[in-house]
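Hello,

Here is the structure we discussed passing on. Please look through it first; my notes on what was found follow below.

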Amino acid sequence: MASCPCHWTSGKINPHHLHNYPLCHTMIDLPHAILLQGERSSLDLSLPNGNAVDTSSPASSSSLLNRLQLDDDLDGETRDLFVTVDDPKKHVSTMETYITYRVSTKTTRTEFDLPEYSVRRRYQDFDWLRSKLEDSQPTHLIPPLPEKFVMKGVVDRFSEEFVETRRKALDKFLKRVADHPVLSFNEHFNVFLSAKDLNKRQGLALLSKMGESVKYVTGGYKLRARPIEFAAMGEYLDIFTQKLGTIDRIAQRIIKEQSEYLVELREYSPVYSSWASSEEELQEPLDGVAACMANCCSGLEELTEEMSEDFLPVLREYILYVESMKNVLKKRDQVQAEYETKLEAVAFREDRKTPVPTDVEKCQDRVECFNADLKADWDRWQNNKRQDFRQLLTGMADKNIQYYEKCLAAWESLIPLLQDKQEARADTN
Amino acid sequence: MMADTGSEDVAVIGNTDQTPSELQNNIKNTMVEKGGTLLKGLEISVAEAEKRTGKNAVSIQETYTVYLIETRAVDNVSEVANPTPDSLWRRYSEFEIFRNYLLVTYPFVVVPPLPEKRAEFVWHKLSADNMDPDFVERRRVGLENFLLRVASHPVLSNDKIFYSFLTQEQGWKEVVFETGFQAKADSRLKALNATFRVKNPDKRFAEMKHYGDELQSVISQLLRVRARVADRLYGVYKVHGNYGRVFSEWSAIEKEMGDGLQSAGHHMDAYAASIDDILEEEEHYADQLKEYLFYTEALRAVCRKHELCQFELEMAAQDLISKKQQREELATGTVRTFSLKGMTSKLFGQETPEQRETKLKTLETQIEEGEEMVKERTAECDEFVKNAWEDIERFREQKDRDLKEALISYAIMQISMCKKGIQVWNNAKECFSKM
């Protein structure tokens, strides 16, 4: 019996959910037919933490399925939650200085009281949200946040570039959560987006939801056999993160070499200008070359900056993403190990014909639920990864093309200047 | 040796009986009016380079490079060159000897420079080794350029030694040493390095010398910057090659993304490889700059020669004045200027009238000679100024033309490099978009 942490409101089924958890609704004894009306707190969730499952009104799953046959492609048309992070502002208080960002939400979901929200959040709020998501949705892949700690003195936390890079990453984070069929319905996410003052809510949330957080106790269970697909995931992640690391190093090296190239290139302009000042006929052409060089320099500067600000952070983000995914895989292994061990223990008592204790059943549920969630998230992650990297790499190509086009224009504009004078001389001769 | 030397138009040679200084004064007798220079009748090229080993002057085995000079007579009417060339081999040191001869024989000419003896302003990938084939090749081109410059010079092209250099395999060295230029070479070098003050230099020459110094400084700086820039640019391009390998490795674990990544990787490899040709082409621009860098030395030499001429004139004039003064003093018995002689004669008594008579007579002769000397030197100076300034003007026009051409081809090179970059990244972008 797979758990299905979704919210059911009257007549409205989350299509994302059904797409990802078909198993959910083929299981008969599920409480999902019970409709909730804005009653968020009494979660009708059969969480693997032991909450009782309400089996009072079983619904016919097949009829449900019939009603809910939907398209695969759910982007765009059916998106009902839009989130943006922008407008960074600096706050100075007696205790500290920090940046807040505006988080704007537009939604038609009834889980939200209002259709629009605009709140201000700081990094530690995002951090809070992420750990809440990790705790409450341990079977899912939670998108990463940009790095928390920044070495003071090395990086200026309040520089425009740093703030902008961070803002983009935070925006990406929220968008990924908003696009996730399960995470986007998480109540902490809702609170994050809607509460005026998160601090108070954080405190409350902490108190009331403590009991809910799932604890996977690592009882030192040993995993017998990892299913092939999850083993493959692990292998893939290992190699992938390695390659990402290499690409990161190469990109950094290129930026470094380009910066050093820029330093030397800058020397050209003043020398050509100085030469121009001692010439007559050649003065204009030489000044032209000096100006050209200066243009190329500024183009190169732009390229290096953009690669630093746009390219590297995304790479690093994915490396963090992979790290957290590996942790989720480990947790899955532990859950499976626990189940297998308990099952073995029961097998010993097989001969006594005692019914399988609910303990073992719960474990089995957990495993199957985890596996299903993980598989669905994996596919989504692979898809997003493909899009993200396509975008990232074409962006890199675009930046380089722009740089060369700028230089090309500069040099091409010089040619008529040089050739005219040549022709003019030929005429007078 | 050349066949078909019958036609007068082919080889333009100056009068071989004249001394170098007479040659200087007889430019009108040469065939400058023909517009022509040796090049009109003769095609010259330095076609090949080869390594040789042999024993040198002190019997030590050495390896050196020889260059093949080819000449083809051009038929005057059809203007088509004789297909089979005459040729001979020369080493760099022989070119040096020939150039020194030109420097001494034509001090009023801005003599074209030779390509550099040792590789300078080198960026790391290029070898500084004289035996390196790329260096040898560039030197071959430089030597050819030198010969063509001489052959197209209105004065130098008429030189008989030049013709010998191009055509006489055996005995050329003897011929050139016979001119006795080496002795003059030494005194010339001394004069160039001596410090002396000129009271009335021609302003134009002073300005030219200053310009030459500035040009030398600025081109040296440019060449240094270029070498450092080339180093860095090389690094940037080559690092991109690493993308090729990592994309390939990454594509192995991907399904749909694999092809796009793999092909993009190939384009990154192509990008990294393209820098070698780009920098090779840029060497050509560096060589053009170097030629003018070395030209500044020749320019300075001409300006210095003028100073020397002027100085000698001023010395002669000064000497004449002091001799005249002495005569006056002797004649009138008054000592106008302080002189040791005057003092001693005061201290130790006057001379006898006979002694005075002889002295006067000697002075008169000296004054006569001095006046001749001043006349001569003035004529020399004027002649030199006239000829030198003519050549300097010619040089200036040539420099403006050549450097403008060099800048144009440099710009064209940069444009080509940018276009290649755009193409490669567009190719990569296409691959990425198919990921």
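The side chains of A:Arg332 and A:Gln336 are joined by a polar contact of 2.6 Å. Please keep in mind that this is a predicted model. A:Arg332 belongs to helix H10 of chain A, which covers residues 283–348. Is A:Arg332 buried or exposed? Its relative accessible area is 1%, so A:Arg332 counts as buried, the cut-off being under 20%. Apart from neighbours within four places in sequence, A:Arg332 is in contact with A:Arg226, A:Pro227, A:Phe230, A:Phe370, A:Asn371 and A:Leu374.

The other residue I looked at is in chain B. B:Phe98 sits in helix H3, residues 92–105 of that chain. With a relative accessible area of 0%, B:Phe98 is also buried. Which residues does B:Phe98 touch, leaving aside its neighbours within four places in sequence? They are B:Phe146, B:Val150, B:Ile161, B:Phe162, B:Phe165 and B:Trp172. For orientation, B:Tyr292 is 194 residues from B:Phe98 in sequence, and the C-alpha atoms of the two are 20 Å apart in space.

**Domains of chain A**

Chain A is split into domain 1, residues 78–197, and domain 2, residues 224–420. Taken over C-alpha atoms, the centres of these two domains of chain A are separated by 21 Å. Contact between them involves 19 residues of domain 1 and 20 residues of domain 2. The size of an interface is often given as the accessible area lost when the parts come together. For domain 1 and domain 2 of chain A, the buried area is about 1800 Å², with 55% of it on carbon and sulfur atoms. Of the area that domain 1 buries against domain 2, 35% is supplied by A:Thr139, A:Leu141 and A:Arg176, more than by any other three residues.

How many salt bridges cross the interface of domain 1 and domain 2 of chain A? The rule finds four. A:Arg176 takes part in a salt bridge with A:Glu317, at 3.1 Å from N to O between the side chains. On the side of domain 1 that touches domain 2, helix H4 (123–136) and helix H5 (160–179) of chain A each supply at least two residues. The largest share of that side, six residues, comes from H5(A). By class, the residues of that side of domain 1 are eight nonpolar, four polar and seven charged.

**Chain B against chain A**

Between the chains, 57 residues of chain B are in contact with 56 residues of chain A. Chain B and chain A bury about 5600 Å² between them, and 73% of this is on carbon and sulfur atoms. The count of salt bridges between chain B and chain A is nine. A salt bridge links the side chains of A:Lys385 and B:Glu254, at 2.7 Å from N to O. The rule also finds 14 residue pairs in polar contact across the interface of chain B and chain A, with both residues at pLDDT 80 or more.

Which elements give two or more residues to the side of chain B that touches chain A? These are helix H8 (203–251), helix H9 (258–332) and helix H11 (353–433) of chain B. That side of chain B has 34 nonpolar, eight polar and 15 charged residues.

Regards

Methods:
Residues numbered from 1 in each chain as written. Chains lettered and ligands numbered in written order. Predicted model: local features only at pLDDT ≥ 70, side-chain atom pairs only at ≥ 80, totals over all residues. Heavy atoms only, no water. Domains from an automatic or database assignment. Contact = heavy atoms within 4.5 Å. Buried area = accessible area lost by both parts, 1.4 Å probe. Helix = DSSP H or I, 4+ residues; strand = E, 2+ residues; numbered from the N terminus. Nonpolar A, V, L, I, M, F, W, Y, C, P; charged D, E, K, R; others polar. Polar contact = N/O pair within 3.5 Å; in protein donor to acceptor, adjacent residues only side chain to side chain. Buried < 20%, exposed > 50% of the residue type's maximum accessible area, 1.4 Å probe, protein only.
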